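Here's a quick tour for anyone meeting this protein for the first time. Have a look at the sequence and the fold, then read on.

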Amino acid sequence: MKDSGKGATAPRKKEQPDEPLQAAIRQMLIELGEDHKREGLLETPERLARSLRFLTSGYQMRIEDIVKNALYSVIYDEMVIVKDIEVFSMCEHHLLPFFGKCHVAYLPNKRVIGLSKIPRIVDMFARRFQIQERLTHQIAKTIEESIRPQGVGVVMEARHLCMMMRGVEKQHSQAITSTMLGAFRTQQQTREEFLSLVLGTPRA
Ligand SMILES: [Zn+2]
């Protein structure tokens, strides 16, 4: 057995991953006028580095890993809807969170995707620096490319801390984005069915 400081009083040495990122965070604290050596901030660079790695872990995810073994052939051509998927992302302009709900629907074309995979696709793109419009589009496009459905609709309602915290006085406003592909774009009835199911009454 290795003697890794057993019996000694020295605390177990913590690994320090991401030292360049932690150094940058330490420097940021200094630039902002903080004393990065005060007790409350001592471990902040390490914590923030870990947090940022998690919040941007979508860069390391691959769609193939998410959908593998989860595509099924079916004889079913009614609309599939997963609504109220929680979304947490970071705006790329201010690196502040935006968060809300995402609703995803598609009309199958002999293939469906495991329902639990849809929130994972949302997370894969949400855990990157984003703008809401692109996030919405990437989710729709990825589902389209994975199962070639007759159509895909994605609607996202989100609140942005960069708007809420910075005195823009829009604390209660939500941004709503949508992407409609295939039948959701060309067939008004399909689009309206989706919107009324996820948003209540159809909105203009
Ligand atoms: Zn922003």
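**The core and a helix pair**

In the largest nonpolar core, which has 32 residues, the members touching the most others are Cys102, Val104, Val122, Ile139, Ile143 and Val154. Such a core is a set of buried Ala, Val, Leu, Ile, Met, Phe, Trp, Tyr and Cys residues joined through C-beta atoms within 7 Å; buried means 20 or more other C-beta atoms within 10 Å of a residue's own, with C-beta atoms placed from the backbone. At least two core residues each come from β2 (80–91), β3 (97–107), α4, α5, β6 (151–160), α7 (183–186) and α8 (188–199).

This is a predicted model: local features need pLDDT of at least 70, side-chain atom pairs count only at pLDDT 80 or more, and totals for chains, interfaces and linings use all residues. Residues are numbered from 1 along each chain as its sequence is written.

**Around Cys102**
- Beyond its neighbours within four places in sequence, Cys102 is in contact (C-beta atoms, placed from the backbone, within 7 Å) with Ile85, Val87, Val122, Ile139, Val154 and Met156.

**Helices α4 and α5**
- Ile121, Val122, Phe125 and Ala126 of α4 meet Leu135, Gln138, Ile139, Thr142 and Ile143 of α5.
- By class, that contact has seven nonpolar, two polar and no charged residues; Ala, Val, Leu, Ile, Met, Phe, Trp, Tyr, Cys and Pro count as nonpolar, Asp, Glu, Lys and Arg as charged, and the others, Gly among them, as polar.

**Whole protein**
- Of its 204 residues, 26% count as buried.
- Among contacts between residues at least 6 apart in sequence, 70% join residues at least 24 apart.
- There are eight helices and seven strands, taken as DSSP runs numbered from the N terminus (helices H or I, at least four residues; strands E, at least two).

Conventions. Contact = placed C-beta atoms within 7 Å. Buried ≥ 20, exposed ≤ 12 C-beta atoms within 10 Å, placed from the backbone.
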